[in-house]
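Visitor: I have just opened this one. Can you walk me through a few of its details?

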Amino acid sequence: MTNKLAILLKETGEIEVINVPTKNKGLQFYYQNINCDMITIVKAMYLGNEYSLVADYEGLLKAEPKVNMLASILYGYLQHGQYLVCNVLVMKDEFTDEGLDTVGLDKAEAAVIVNILNDLKKNIKS
């Protein structure tokens, strides 16, 4: 089995590709990487139906939350009327025997998404 990856969109605008644990991923993986106590999973509408964003459920309640513009654009903040804040993970949705599961990306998928994000980042700054 190949290593699965996630893309961490930091609130600072940095993009980092991280490894997803192969065993017992559980919620701790999300809590640790997003730096939160509760998560919400929303569709990354501008990446396609098979991708999701894992975000801090209570992010807007934090003192001085910082808008994560890359994640907000992927989410479709103009359509939803809501920004995403703090760190956010880009993950893939996959149907399993137990239903829909949020899993890691393969290396090729992660590379394509990182390229999209870098292009988007350039357009935000201009």
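Guide: What follows covers salt bridges, cysteines and a charged patch.

Guide: This is a predicted model, where local features need pLDDT of at least 70, side-chain atom pairs count only at pLDDT 80 or more, and totals for chains, interfaces and linings use all residues. Residues are numbered from 1 along each chain as its sequence is written, and side-chain values use heavy atoms, with hydrogens and water left out.

Visitor: OK, how many salt bridges does the count come to?

Guide: The count is 5 salt bridges, a salt bridge being a side-chain nitrogen of Lys or Arg within 4 Å of a carboxyl oxygen of Asp or Glu.

Visitor: Which residue forms one with Lys 43?

Guide: Asp 93 does, with the closest N and O atoms 2.4 Å apart. Lys 43 lies in strand 3 and Asp 93 in strand 5, so the pair ties together parts that are 50 residues apart in sequence. Helices (H or I, at least four residues) and strands (E, at least two) are DSSP runs, numbered from the N terminus.

Visitor: And Asp 93, buried or exposed?

Guide: Asp 93 is buried, at 11% relative accessible area. Buried means under 20%, exposed over 50%, and partly exposed in between (1.4 Å probe, protein chains only). Lys 43 is partly exposed at 37%.

Visitor: What about Glu 109 and Lys 92?

Guide: Their side chains also meet in a salt bridge, 2.5 Å from N to O. Glu 109 belongs to helix 4 (residues 107-125) and Lys 92 to strand 5, so this pair links parts 17 residues apart in sequence.

Visitor: Changing topic: how many disulfides?

Guide: The count is 0 disulfides, where a disulfide is a pair of cysteine sulfur atoms within 2.5 Å.

Visitor: Where does Cys 86 lie?

Guide: Cys 86 is in the loop between helix 3 (77-80) and strand 5. Its phi is near 65 degrees, a positive value in a residue other than glycine.

Visitor: Last one: which residues gather in the patch of negative charge?

Guide: Glu 94, Asp 97, Glu 98 and Asp 101 gather there, on the surface. Patches are made of residues with over 30% relative accessible area and no salt bridge, like charges being joined within 9 Å and nonpolar side chains (Val, Leu, Ile, Met, Phe, Trp, Tyr) within 5 Å. Asp 97 is exposed at 86%.

How values were computed. Accessible areas come from the Shrake-Rupley method with a 1.4 Å probe; for residues, only the protein chains shown count as cover. Lys and Arg count as positive and Asp and Glu as negative; His and the chain ends are not counted. The place of a charge is taken as NZ of Lys, CZ of Arg, CG of Asp or CD of Glu.
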